[in-house]
Amino acid sequence: MEASPKDFLKLHFIVFLWGFTAILGNEMTIPATDVVMYRTALASIVLAGFMYLKSKTFQVSRADMMPLVLTGFIIAIHWFLFFESARVSNVSVSLAGMATTTFWTSLIEPLFNKRKIRLFEVILGLVVISGLYVIFRFEFNNALGLGLAMASAFMAALFSVLNGKMTHKLSQYTITFYEMAAAAIGIAIFIPFYKYFFLAETATYALPTTRDWGLLLILSVVCTVYAFSASVELMKRITAYVVNLTINLEPVYGIILAVIIYGENEEMSAGFYYGTLIILAAVLSYPVIRRSQRKALERKKKLGLG
């Protein structure tokens, strides 16, 4: 079945939702750690109900459970760093740092799949670093926020590579349910220690306001459960190449939204936007280069040269 124009519009809407998550997290009154805890807990509850109604299996072997739990912890760290980055700087800086996810993936994936690092990936990585240098040069006051976002991007790359291995064994829904549950439990254990040692607070879990609960429901149900399941469904008709290329537009949508919503608070120096454009150029060129290489390899095989 071929994809329709409606499918592509839906895909862009999903990416738009993912770009909106930093704004939702920034709008809540509770700490970033608590945002992650409530988000993952609600997502796992909603997914459990969905899986029960659709008769999806919850069965997982002992050998697979540990990787799922570990990946869940990594996801919790990723989201915590992501939301915290937006709060110590702003949403635009956070999303600019997240644009380095593809770069980190190009370094991590060869290690897990035991293949050589590709030369063009190293070159693109250097381009990304040059973009970051431009941003740091003009936005040194936001260095902490950008650093946290880059660390979050590294964690995102790590769990995406780990999930790539798990999808061959388990359904996407089973994987996500256990990872969300593990993330919720992991961050719940982490919160008291984090607040005591780093924030010098005796309080443990923050109670969301009525408005926070509304934002959390949107974040958990719409931006997590719906966006995930819809993207999986779309991949039946849209190639992974097109999906991944479109996902790279997430920082663009997010930064545009942040400027529209927050106005002057999100206005950055020209250097920030130049650096961000350099990073996005490298990120968006990656799948284009990979596709051209695959086509060249296929032509060689047909000619008996490969």
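Predicted model: local features only at pLDDT ≥ 70, side-chain atom pairs only at ≥ 80, totals over all residues.
Which residues touch the most other members of the largest nonpolar core?

I number residues from 1 along each chain as its sequence is written, and side-chain values use heavy atoms, with hydrogens and water left out. The largest nonpolar core holds 61 residues, and Phe83 and Val91 touch the most other members. Such a core is a set of buried Ala, Val, Leu, Ile, Met, Phe, Trp, Tyr and Cys residues joined through side-chain atoms within 4.5 Å, where buried means under 20% relative accessible area, exposed over 50%, and partly exposed in between (1.4 Å probe, protein chains only). Among the elements that give two or more residues to this core I noted α1 (5-27), α2 (32-53), α3 and α9; helices are DSSP runs of H or I with at least four residues, numbered from the N terminus. Apart from this core lies another, of 18 residues, among them Val93, Leu124, Val128 and Ile135.

Ser220, in helix α9 (residues 210-234), is buried with a relative accessible area of 0%. With the neighbours up to four places away again not counted, Ser220 touches Tyr38, Arg39, Leu42, Ala43 and Val225. Ser220 and Ala43 are 177 residues apart in sequence, yet 5.1 Å apart in space, C-alpha to C-alpha.

I took rings of Phe, Tyr and Trp (its six-membered ring) as paired if their centres lie within 6.5 Å, with planes under 30 degrees apart stacked, over 60 edge-to-face and the rest tilted. By this rule the count comes to 13 aromatic pairs. One of them joins Phe80 and Phe190 edge-to-face, at 6.1 Å centre to centre and 65° between the planes. This pair links distant parts of the chain, since Phe80 sits in helix α3 (residues 62-88) and Phe190 in helix α8 (residues 172-197), 110 residues apart. Phe80 is buried at 12% relative accessible area, whereas Phe190 is partly exposed at 33%. Phe177 and Tyr178 also pair edge-to-face, at 4.9 Å centre to centre and 70° between the planes, and both are buried.

How values were computed: Contact = heavy atoms within 4.5 Å.
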